[in-house]
Amino acid sequence: MLGTVIMLVPALVVLALYRWLTRRLIRLAGRYSPFLQRLLERGQGPASAFVVILALGAALPAARFSLPVALAIGRGLLVAFILTVGWAAAIAIDISTTIYLRRFRTDVEDNLLARKHVTQMRILQRVATTLLAIVTIASALMTFESVRQYGISLFASAGAAGIILGLAARPVLSNLLAGIQIAMSQPIRVEDQVVVEGESGWIETITSTYVVIRIWDLRRMIVPLTYFIEKPFQNWTYENSAQIGSVFLHVDYTVPVDRLRRKLDEIVRESKLWDGNVANLQVTDTPIDMVELRALVSARNPGAAWNLRCEVREKLIAFLQAEYPQALPRQRTETIGRPAGAAAVEVPTAGRVARLENRSEPAPQH
């Protein structure tokens, strides 16, 4: 009991003095820089652990424990010191990444460069943190004699156990290597709009093993990192955030295409979503009973492109309803090929002519 008191009292006193000093430093830093204040708060945990471990180690000889007890406490302090070093290194990596990324903003229109750096640093940070955790835990375990001998014999044998271990670790290693490759080549970046497995969404998070894709309806798709190395996918914002959207209209042959083209130009010039680059209307197809028109409009980012498409579609429909209602698709009925004396069956169709006779079998369902 006396040895325990001799070790704990100095450690608690030193910890109390350290926490008092750091609180004053944190308040002082908050007057000049909130960011510096947050950094000091982040490092307070491992620094407190270091202070306690050093105080306990300095007081251990004065406690005069028996040799086995002193060796056990010393080994425990060594393991705690190694784990604290790993903890402090992980926080240092995170702080360094945060300081580096302060110069880049992703909430602006032209954020391609910022997204490149954010993606690269976040992936490398997670890979480094994973490797650091493995090295820290391995170093702590190697302080025990039995574990160290087992590890040496395992690596020396290079037999079936090594093969099994390599096969078991293959998915983890392949994802780590895929993360490094993605960080370097960057086929995807944070907030890129992608189409994966037929689903359109945005890259929300890139971890060391998987990618979280935010679907437009707030669902989340979890995809392993190796998917983006081994399989094809669409990246709509790979070079820049600007995007071209298409609007299709199916109208009657009487539609005045030139007038509609001028109306499209008026709509996009009045819209705040248009980036001023692309706005044209073309006849893309001419089936038997309708004309297919395609309007192309461009916007600064995918979200603006989607909203601009909806705006153009609504205003063009409203214009046709008000100025040229005869050009809109409408219900028609026609009777053709009716034998003499037979009752005709008129079937309404949307822009198509039905050629049906009065027969005993039921009419097809449209």
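1. Strands E2 and E3 form a hairpin, with three residues between them. They pair in the antiparallel sense over five bridges, and E3 covers residues 210–215. Thr-205 stands opposite Val-212 in E3. Two strands are called paired if DSSP finds at least two bridges between them. Helices (H or I, at least four residues) and strands (E, at least two) are DSSP runs, numbered from the N terminus.

2. Some ground rules. This is a predicted model, so local features need pLDDT of at least 70 and side-chain atom pairs count only at pLDDT 80 or more, while totals for chains, interfaces and linings use all residues. Residues are numbered from 1 along each chain as its sequence is written, and side-chain values use heavy atoms, with hydrogens and water left out.

3. The overall tally comes next. The chain has ten helices and ten strands. Of its 366 residues, 33% are buried. Buried means under 20% relative accessible area, exposed means over 50%, and partly exposed lies in between (1.4 Å probe, protein chains only). The accessible surface of the chain comes to about 22,300 Å², and carbon and sulfur atoms hold 62% of that. Accessible areas come from the Shrake-Rupley method with a 1.4 Å probe; for residues, only the protein chains shown count as cover.

4. Contacts reach along the sequence. A contact means heavy atoms within 4.5 Å. Among contacts in the chain with a separation of 6 or more, 61% are between residues 24 or more positions apart.

5. Which strands stand at the edges of the open sheet? The sheet has five strands in the order E4-E3-E2-E1-E5, with antiparallel pairing. E4 (220–224) and E5 (234–235) are the edge strands; each has a single partner strand, so one side of each is left without a neighbour in the sheet.

6. Look at E1 within that sheet. Four bridges join E1 to E2 (residues 199–206), and the two run antiparallel. They form a hairpin with two residues between them, and Glu-197 in the turn has a positive phi of about 55 degrees. E1 is also joined to E5, by two antiparallel bridges. Val-194 faces Gly-201 in E2 and Asn-235 in E5.

7. Helix H1 spans residues 2–32. Its 31 residues reach 46 Å from first C-alpha to last, close to the 45 Å expected at 1.5 Å a residue. The expected span is 1.5 Å times one less than the number of residues. The buried residues of H1 include Met-7, Tyr-18 and Ile-26.

8. Helix H10 (residues 302–323) has 22 residues and reaches 31 Å from its first C-alpha to its last, close to the expected 32 Å. Its buried residues are Pro-302, Ala-304, Ala-305, Leu-308, Glu-311, Val-312, Leu-316, Phe-319 and Leu-320. They pack against E1 (193–196), E6 (243–251), H9 (257–270), E7 (274–285) and E8 (291–299).

9. In soluble globular proteins, nonpolar side chains tend to be buried together.

10. Leu-281 is worth a look. Not counting residues up to four places away in sequence, Leu-281 touches Val-257, Leu-260, Arg-261, Leu-264, Leu-293, Arg-294 and Ala-295.

11. The whole structure has four aromatic pairs. Rings of Phe, Tyr and Trp (its six-membered ring) pair if their centres lie within 6.5 Å; planes under 30 degrees apart count as stacked, over 60 as edge-to-face and the rest as tilted. The Phe-50 and Phe-81 rings have centres 5.5 Å apart and planes at 65 degrees, so this pair is edge-to-face. Phe-50 lies in H3 (residues 44–63) and Phe-81 in H4 (residues 67–101), so the pair ties together parts 31 residues apart in sequence. Phe-50 is partly exposed at 21% relative accessibility, and Phe-81 is partly exposed at 35%.

12. Phe-319 and Tyr-324 have ring centres 5.9 Å apart and planes at 65 degrees, so they too are edge-to-face. Phe-319 is buried, at 8% relative accessibility. Tyr-324 is partly exposed, at 22%. Elsewhere, ring pairs link Tyr-227, Phe-228 and Phe-233 into a cluster.
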